[in-house]
Amino acid sequence: MRSPFAYAPRRGPLQAASPGAAVFYLGALLVVAFLYSSPLVLAAVGVAAGLAGVLACAGSAVRAAIKLGLVIAVPIVVVNALVVDRGETVLLRLGEWPLFGQVNVTAEALADGAIFGLRAVVVMIAFAVYSACVDPDRVLRALRPIAGRSALTAALISRLVPVAAADASRLRDAGRLRGPAAAPLGRATLIRRLMAGSLDRAVDVAATLELRGYSLAAPDTAARAKGRSRFDHRFYLAGGLVLVAAIAGKVIGADGFHAYPTIEIGVEPATVALSALVVLTGLAPGRRNA
Amino acid sequence: MAVAIALLLGAAVATAGCGVGPGSGVGEVSLTVTRDYGAEPVMPVAADDASESDTVMRLLDRETEIETRFGGGFVSSIEGLAEASRDGRRHSWFFFVNGVESPVGAADFALLGGEAIWWDYRDWSAVSRAPAVVGSWPQPLAGGFEGEAHPVALECRGGNAACAAARSALGEVGVATAGGSPDAAIRVLVGPWARLRDDPAAAQLEDGPQTSGVFADFSKERDGGYVLEGLGEDGEPRRRFGPRAGLVAATRRYDAPPVWLVTGATARGALAAAGLLSADRLRDHYAVATEGGEETPLPLPMASR
């Protein structure tokens, strides 16, 4: 079974764009997610990243990222509410806990945790779109002249993950084929088997990379120019617009969220305008020619 | 079965001090907000009923307009007066509970009822901490500090009249003094400086305000006597008082209970200092000097202010 996050070659502007343009576009959305705490802006980044994923035919990756993000977000909210005893609005008093001391659940700590959780979901979506739509080989080729060893490590890892997923799928199938009377194959057993064979598989992957000419010299300028896409400027423009607007918005106070001491959500015109712009840039991977 | 478990859980929660909302009241607390070492009130003194989940931060937020930093743990502004650097001098908000500088942040200081909370906006360029102050009289002598009651030991070191006056002043606010020096007692040292300076806590005054938090010093004269000097906010001497000047100050050594100093250059100075032990004269001051019936809050203000 193929992971929804695995890269699949498709015909689309985001997939066709050069790695630099795609990374810049998705990176700009990530920068906004880390720069802002306003729930409106964060939601806008999430919508933009999701929209980009859906338009780039990576809807399953977006759905999986939302599910995984929520799995991460819920514990963040719970832990933040238990650990942080700040904020004026005490909702629950949970008495003295070992290590934690007096535990009071406040509305402000819940809201702050929710913002952290929302950010986690948004980041997961953006990374999922990147993972599903940007060819890792092209990214690594682009990085190789800058950091050869890091690129080799990243290449090994990025190749090993789908190989391990495929191995796991095969092992699971083999386990099922033993028949209904056989003991179920637990995850621990599966992981142990995968770990035991991971070194061999890594050597296989490295050998395959070598056979494909990974160690050859970096492509020359002309070849790199050939790798550019007519969609590049669209993504550079969208990412640049988002970055400039986000920085300007930050300077003029568009990020009007404060969890403590009491929750304040500032919905200024600048916040709304930035959110609208961010959502619109989610349309960049659309099929209309630039 | 499920009902029994729910009832058991409910009973456990109820007995462990748990519940919905901020909880029941624990008593009244007072809130004072001043600036420049208590020289000027920022708002009228407020009194509020504290609940069992209240902290210094929650009370402050209820009574004033504040802004915080570092995830709500640090107060950066109260009533629009924000921490700042002006002419190279740094100003921030500091708080005392029962006249003792808190060892934890406002968001982590739980209120038990009866506390006197004092927020002061001050220049901390020269002296970053003042471990104890006298401006919340009769606290901490009457109510203890950091959530615990402490005995009060009155130590008379010469100057019987000053000691009697101090004992009387303490009695008027309901503070019973313990005999000897019991462990964990808040000590009140009364007497001329020459007799007090052997005490390790009192001797901190001679190490300067960076150590003691007290903006006063006693300089030794050629004749072997001492002269009280009032220091400015920059920690530099600004005024020399006469031989009959008295001083009431508080300090603290490490984590030991605060030590109050009721002293002067002479026994008459100590007697004058004992006369300062009242709310009217000490309120909202870090330390107070007196000479000829005139009180001088310490530190002395900077000329530019």
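Hi everyone, let's start with chain B, where seven strands form an open sheet with mixed pairing, in the order β12-β11-β13-β18-β17-β19-β20. At the edges stand β12 (177-178) and β20 (294-298) of chain B, and each has a single partner strand, so one side of each is left without a neighbour in the sheet. Please keep in mind that this is a predicted model.

Now let's look inside the sheet. Strand β17 (residues 246-251) of chain B runs antiparallel to strand β19 (residues 287-291) of chain B, and three bridges join them. If you want a residue pair to click on, B:V248 has B:V288 in β19(B) as its bridge partner.

Next, the helices. Helix α3 (residues 160-172) of chain B lies across β11 (152-156), β12, β13 (186-192) and β18 (259-264) of chain B, and runs at about 165° to β11(B). Helix α6 (residues 267-274) of chain B lies across β13, β17, β18 and β19 of chain B, at about 130° to β18(B).

On to the two chains together. How many residues does each chain bring to the contact? Chain A brings 15 residues and chain B brings 20 residues. On the chain A side, the elements giving two or more residues are β1 (90-97) and β2 (101-106) of chain A. β1(A) gives the most, with five residues. By class, that side of chain A has six nonpolar, five polar and four charged residues.

And there is strand pairing between the chains: β1(A) pairs with strand β1 (residues 18-20) of chain B in the antiparallel sense, over three bridges. To find the spot, look for A:L94, which stands opposite B:C18 in β1(B). Thanks, everyone!

Terms used:
Residues are numbered from 1 along each chain as its sequence is written. Chains are lettered from A and ligands numbered from 1 in the order in which they are written. This is a predicted model: local features need pLDDT of at least 70, side-chain atom pairs count only at pLDDT 80 or more; totals for chains, interfaces and linings use all residues. Two residues are in contact if their C-beta atoms, placed from the backbone, lie within 7 Å. Helices (H or I, at least four residues) and strands (E, at least two) are DSSP runs, numbered from the N terminus. Ala, Val, Leu, Ile, Met, Phe, Trp, Tyr, Cys and Pro count as nonpolar, Asp, Glu, Lys and Arg as charged, and the others, Gly among them, as polar. Two strands pair if DSSP finds at least two bridges between them. Axes are lines fitted to C-alpha atoms, for helices over the stretch in contact, and angles run from 0 to 180 degrees between N-to-C directions.
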